[in-house]
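Open the model in your viewer and have the selection panel ready. The tour goes to the ligand, then to the contact between the chains.

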Amino acid sequence: MTFILFILSNLLRQKIRTGLTVLGISIGITTVVALGIFVNSAKAATEELILAGGADFTVAEAGVADMTFSSLTTEDLALLETYDEIEHVSGVELAISKVGANAYFFQIGIDAGDLPFFDAPLVEGRLFGADATDEIMIGDRAADQLDAGIGGTVEIRDIPFTVVGIYDTGTTSLDAGAILPLAAVQEYDSREGLVTLAYVTVRDGTDIDALTDRIKAENEGLATLAGIDDVGAVDQGIEILDAVNLGITILAVFIGGIAVMNTMAMAVFERTREFGILRALGWRTRRILQMVLGESLLLCLFAAVFGSILAVILTQLIVLFPTVSAFITPQYTLDVFLRGLAVGIGVALLGAIYPAFRAARLSPAQAIRYE
Amino acid sequence: MSEQPDIVIDVQDLVKTYDEGRTRALDGANFQVRRGEFVSITGPSGCGKSTLLHAIAALERPDSGTIRVNGEEITAKRDLSSYRAQGIGLIFQLHNLLPNLTASENVQVPMYETKRSTGARRERAEELLRLVGLGDKVKKRPTQLSGGERQRVAIARALANDPPIILADEPTGSLDSKASQQALDLLRDVQRGQAVTLVLVSHDSRIAAAADRTVYMLDGKIDAESTDRSPEVETDAAASRSSPVV
Ligand SMILES: Nc1ncnc2c1ncn2[C@@H]1O[C@H](COP(=O)(O)OP(=O)(O)O)[C@@H](O)[C@H]1O
Ligand SMILES: [Mg+2]
């Protein structure tokens with residue numbers, strides 16, 4: 001029998017205890033992994049939004065708590081246009097309100113003149129007209145969810161709009177929402193003359209980092225967003241999510257560690273005599289340490305695998321809610337599963353170190369006499 | 001006496017106390033065993049037999065005195081684990097086997113600290129189980145074996161790494177008289193056949209009588225007279241060693 005099978009057979013001696021411990025650790029790992037999936041998905045969704053329509057970067061008002069609270073004036077937009085490297089600036093007004101079953105129906109108000117610079121490939125119909133105020137383009141997911149087609153009506157804040165086009169951008173929140181005339185959104189948002197963000201496209205060969213640095217340096221009130229790492233400047237949400245995620249991870253390691261410590265301490269205590277025999281038969285303290293740590297690691301590895309599977313199932317169940325699927329597509333990236341695995345290993349080591357050293361330090365003669 | 005080349009175990013003035021000196025488990029014990037000899041130690045419960053055996057097995061460090069095995073002072077040894085694994089084979093009275101392992105796996109336990117491959121470990125274990133008459137029980141767990149069979153597994157395990165010395169602490173203590181006799185016969189066969197030195201501890205003087213030589217212990221000391229009686233018996237033991245039975 002290989003050493004690893006020996007370790008496994010020790011775990012199987014107390015099937016219920018092992019099973020319950022695995023289950024307990026799994027739940028912690030499920031929490032960490034599922035939360036990680038959501039944080040990553042939320043980040044991906046936010047990133048998609050800042051680079052929506054093929055923008056090179058986005059400009060927002062600096063220092064706001066949430067990106068949707070940002071306000072840019074017509075002067076801000078004009079100022080951006082003075083930069084030579086900038087090819088085009090589209091001011092857009094973002095709004096979120098309940099439409100149909102979707103509580104977070106996403107709306108982008110954009111000027112018809114800016115539409116050629118906003119990449120939203122139509123799958124049906126046409127762009128809204130230059131002077132239209134009651135026309136709307138909806139995403140393919142929104143079309144499904146609202147069961148609306150070309151010529152149909154979508155009501156936003158009790159105002160009816162006629163669907164003239166259906167697009168597919170590949171961006172979850174956009175495809176579950178709508179693109180409509182800027183003036184219409186500004187009117188129902190009561191924000192005449194203001195926009196939320198400016199989508200910027202630059203001329204070929206522009207060093208985007210250098211340009212955004214310059215814009216920030218020259219305009220204190222503006223924040224530039226070229227990727228997810230910049231979002232913290234205009235949105236505390238992601239930072240809070242990251243902090244919560246880290247907090248839960250640390251908590252999971254400690255709670256799991258204590259659970260494993262309890263299990264391993266019991267396993268070591270009730271096998272005192274056996275450890276004495278193993279030592280008497282020539283087992284080194286190192287091998288005893290390896291055995292106890294190995295049992296703990298194996299236990300937590302099972303929990304990591306089981307917990308990760310549970311997390312995926314849980315996530316898939318949660319995105320069945322239209323409210324969630326409206327702005328998030330689950331991102332199953334390797335890093336969240338590695339984080340789950342790291343929690344498992346952390347829990348295993350934290351929980352096993354004390355019992356393992358106790359087992360290794362037992363005097364063989366005392367342990368053999370132990371009844 | 002320690003200069004004699006055929007003395008394998010030489011214990012001099014061994015003292016071991018417990019409870020901050022209140023219990024003197026060994027109180028100046030002197031004890032010698034010759035190569036290939038079968039010696040039993042007997043005496044009343046609590047007289048220090050197990051303590052002496054544990055000290056020889058390097059499971060416990062004495063307070064004072066010396067233990068030389070094959071001329072080497074074992075308390076000075078750095079690697080006690082390899083001495084325990086290769087230098088001696090140990091057999092205890094009770095709950096001796098790991099319950100979650102089969103007979104074969106139990107016999108393999110001391111072999112984990114050697115360079116043997118998994119396959120070689122299994123082969124060696126099965127060979128030893130055949131030697132102790134359990135060739136058909138290699139896959140049985142302790143709960144599926146009788147007390148006598150379990151003790152045979154323990155004997156096979158003690159032989160795993162071919163140690164020159166076997167130390168048995170009350171090996172028949174939990175067996176009925178028939179199984180006791182069988183275990184004793186097996187131990188003697190092994191001692192002769194494998195040419196090992198066997199030290200057996202038993203509080204039961206009838207069991208102890210099976211040995212070539214018996215020493216008596218009382219209050220942590222070896223009765224000097226019993227040790228003095230040894231030379232006559234020793235010649236018999238040396239003669240029987242040349243005709244292996246296993
Ligand atoms: N770990 C220990 N702590 C305290 N006293 C012990 C310990 N081990 C043995 N003793 C005492 O040492 C004495 C000798 O014990 P032991 O060697 O087991 O005797 P025997 O094997 O002859 O019955 C006994 O009085 C016993 O109670
Ligand atoms: Mg005893």
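**Around the ligand**

Start with α1(B), which gives the most residues, 3, to the shell around ligand 1; helices (H or I, at least four residues) and strands (E, at least two) are DSSP runs, numbered from the N terminus. This is a predicted model, in which local features need pLDDT of at least 70 and side-chain atom pairs count only at pLDDT 80 or more, while totals for chains, interfaces and linings use all residues. Residues are numbered from 1 along each chain as its sequence is written, chains are lettered from A and ligands numbered from 1 in the order in which they are written, and side-chain values use heavy atoms, without hydrogens and water.

Next, select the 14 residues around ligand 1, meaning those with a heavy atom within 4 Å of the ligand. They come from chains A and B, so the site is shared between chains.

Now show polar contacts (pairs of N or O atoms within 3.5 Å; within protein, one must be able to donate a hydrogen and the other to accept it, and residues adjacent in sequence count only if both atoms are side-chain atoms):

- Q366(A): a polar side-chain atom is 2.7 Å from a nitrogen atom of ligand 1.
- S50(B): a polar side-chain atom is 2.8 Å from an oxygen atom of ligand 1.
- C47(B): a backbone N or O atom is 3.3 Å from an oxygen atom of ligand 1.

**Between the chains**

Finally, select R284(A) and E113(B), which form a salt bridge with the closest N and O atoms 3.4 Å apart. The term means a side-chain nitrogen of Lys or Arg within 4 Å of a carboxyl oxygen of Asp or Glu. Between chain A and chain B there are 3 salt bridges.
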